[in-house]
Amino acid sequence: MLRNFLTVGGWTMLSRILGLIRDQLLAAFMGAGPLQDAYQVAFRLPNMFRRLFGEGAFNAAFVPMFSKVMVQDGRDEARLFARRALGVMLAWLVFLCVLGEVFMPQVLRVIAPGFLQNGDRYDLAVSLSRITFPYLVMICAAALLAGVLNGLHRFGVASAAYLAFNVVGILAIVGASPFFPSVAYAAAWGVTASGVVQLGLLAWACEKAEFGLMPLWPQLTPRIRLLLRRMVPGLIGSGVGQINLTVDTIIGTLLPAGSVSLMYFADRINQLPLGVLGAAAGTTLLPVLTRHLSAGDVQGAHTAQNRSIEYVVLLTLPAVAGLLVLAGPIMIVLFGHGSFTEHDALLSAQSLRAYAVGLPAFILVKVLSPAFFARGDTRTPVYVGVGVLVLNFILNLLFMKPLAHMGPPLASSVTACVNVAFLVVLLLRKNALLVYGSTLSHMGRVGVAALLMGLGLLGVESFVSLPAIFVTRALWLVGMVVGGAVFYAALLHGLGVVNLSDVVVRIWGRLRRKVG
């Protein structure tokens with residue numbers, strides 16, 4: 001599981017780095033203003049449906065069923081189930097896409113009510129949303145194919161295909177902008193084109209795995225009915241984070257122009273650890289839990305859950321400490337160029353700190369949710385999700401005026417913590433979670449190491465401030481990050497969390513074997 005965790009995490013990290021380059025281009029060309037706000041809303045809409053119907057609810061219901069059919073009924077029956085599921089999904093997505101294209105003006109009135117105060121921004125958002133909306137058809141179908149590949153334990157291929165989104169996006173911004181009215185239009189067409197490329201790559205990977213998935217005509221067979229029954233409540237249970245972000249966007253459109261952009265770029269940095277660790281943990285843990293539970297190995301499921309918690313805590317807490325201390329320099333170095341001013345970067349850093357507070361909770365939701373889904377329970381997270389959505393909306397209304405662009409991120413962080421607390425309590429009551437004493441000890445020592453690392457960075461920053469020239473700024477930031485990482489590793493070694501000498505010996509041995 002750790003090898004698969006690192007494989008998915010590695011590919012996701014590469015994708016996030018390319019995504020960072022794409023976002024830097026968006027910031028440099030469009031800055032933080034009405035044009036950027038309109039594009040971000042246009043992208044948020046299909047991306048929300050992708051997370052809900054593709055990576056979220058559908059995969060939460062589909063992957064356990066697919067893995068179980070594979071174990072109990074064999075490869076051919078699992079392939080038939082996947083083809084039928086793909087046929088039903090495509091029929092639903094095409095219908096949804098047509099509705100979205102026709103009623104896009106009305107949809108934008110709901111998710112971007114603040115744009116109505118500026119007719120030009122509203123009209124631009126409608127046009128861009130109609131360009132990006134077909135992306136949801138391709139990417140949700142691609143998510144199903146990726147779920148099949150994950151069920152076949154081909155995690156690397158499934159994760160690598162998502163690089164196409166950022167590669168195509170970068171090419172569209174850089175190469176196609178002169179042929180469109182603005183960079184926003186080129187970026188919007190890049191989103192839709194990337195969906196076509198990703199779907200094609202994953203379909204090719206399934207063919208290479210001798211598991212071709214030509215969709216069948218939609219039929220509501222007993223298995224498909226069960227899939228839909230499990231999927232419908234999962235729309236809320238597994239999509240709470242995305243729905244909360246959409247609520248943040250709605251509130252953001254009511255704030256001064258540029259607020260949506262400030263929150264977006266902060267969230268993109270927050271998504272580096274969240275996307276990498278959350279995607280890796282959720283993607284690799286769900287099939288493992290399903291396999292253990294299908295075989296009646298409850299103890300093995302508990303062990304896998306504990307190991308996953310330990311992995312994400314080990315890597316998440318230092319990220320939180322680093323983001324809280326270095327948010328300003330990070331946003332200035334990465335985005336403070338072109339139309340995105342240094343002042344914009346510092347304002348966005350305030351949103352980043354608010355997001356970072358809830359980062360461990362955001363990721364732990366990804367680790368705890370599979371414990372329900374692997375047991376075929378997609379209903380319980382719904383009840384938690386409804387309460388969390390209501391709480392997030394209330395907190396957004398309370399925070400939006402006094403905290404402005406920091407309000408929605410802080411509301412999301414608080415509700416994520418509440419979400420984790422309820423999931424833990426419910427899992428414990430169902431005897432679906434058994435946290436070992438060694439895991440609690442591990443988490444405590446990691447927390448101490450992360451706290452000391454953050455204090456160390458804060459001390460260094462107070463003596464050596466950020467330089468004025470970009471090159472020296474970049475070197476300063478790299479030095480702080482690398483220095484913090486080395487200090488954190490030394491603290492982990494000193495506190496007995498890891499043995500660095502053993503790690504070095506293992507890495508050296510593996511390199512020698514590969515070279516040999």
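Student: Is phenylalanine 340 buried or exposed?

Tutor: The test is relative accessible area, and under 20% counts as buried. In this predicted model, phenylalanine 340 has a value of 1%, so it is buried. Phenylalanine 265, at 0%, is buried as well.

Student: How are the rings of phenylalanine 265 and phenylalanine 340 arranged?

Tutor: Look at the distance between ring centres and the angle between planes; an angle over 60 degrees counts as edge-to-face. Here the centres are 5.2 Å apart and the planes stand at 70 degrees, so the pair is edge-to-face.

Student: Which parts of the chain does this pair tie together?

Tutor: Phenylalanine 265 belongs to helix α12 (residues 259-294), while phenylalanine 340 sits in the loop between α13 and α14, so the pair joins parts 75 residues apart in sequence.

Student: How many aromatic pairs does the whole structure hold?

Tutor: The search finds eight. One of them is tryptophan 92 with phenylalanine 95: the centres are 6.3 Å apart and the planes are at 40 degrees, so this pair is tilted. Both residues lie in helix α3 (residues 75-102), three residues apart, or about one turn of the helix. Tryptophan 92 is partly exposed at 37%, and phenylalanine 95 is partly exposed at 49%. Ring pairs also join Tyr39, Phe43, Tyr135 and Phe165 in a cluster.

Student: Now the helices. What does the crossing angle of α6 and α9 tell me?

Tutor: An angle under 35 degrees counts as roughly parallel. The axes of α6 (residues 135-151) and α9 (residues 183-208) come within 8 Å and cross at roughly 25 degrees. That makes α6 roughly parallel to α9. The crossing is left-handed.

Student: Which residues make that contact?

Tutor: On α6 they include Tyr135, Met138, Leu145 and Leu149, and on α9 they include Val191, Val196, Leu199 and Cys206. The residues of this contact comprise 15 nonpolar, four polar and no charged.

Student: How do α13 and α18 cross?

Tutor: The axes of α13 (residues 298-335) and α18 (residues 437-463) come within 9 Å, crossing at roughly 15 degrees. These helices are therefore roughly parallel to each other, and α13 passes α18 in a right-handed crossing. Among the contact residues are Glu310, Leu314 and Pro318 of α13, and His442, Met453 and Glu461 of α18. By class, the residues of this contact divide into 15 nonpolar, seven polar and two charged.

Technical notes:
Residues are numbered from 1 along each chain as its sequence is written. This is a predicted model: local features need pLDDT of at least 70, side-chain atom pairs count only at pLDDT 80 or more; totals for chains, interfaces and linings use all residues. Side-chain values use heavy atoms; hydrogens and water are left out. Axes are lines fitted to C-alpha atoms, for helices over the stretch in contact, and angles run from 0 to 180 degrees between N-to-C directions. Helices (H or I, at least four residues) and strands (E, at least two) are DSSP runs, numbered from the N terminus. Angles under 35 degrees count as roughly parallel, over 145 as roughly antiparallel, 65 to 115 as roughly perpendicular and the rest as oblique. A crossing is left-handed if the near helix is turned anticlockwise from the far one by less than a right angle, and right-handed if clockwise. Contact means heavy atoms within 4.5 Å. Ala, Val, Leu, Ile, Met, Phe, Trp, Tyr, Cys and Pro count as nonpolar, Asp, Glu, Lys and Arg as charged, and the others, Gly among them, as polar. Rings of Phe, Tyr and Trp (its six-membered ring) pair if their centres lie within 6.5 Å; planes under 30 degrees apart count as stacked, over 60 as edge-to-face and the rest as tilted. Buried means under 20% relative accessible area, exposed over 50%, partly exposed in between (1.4 Å probe, protein chains only).
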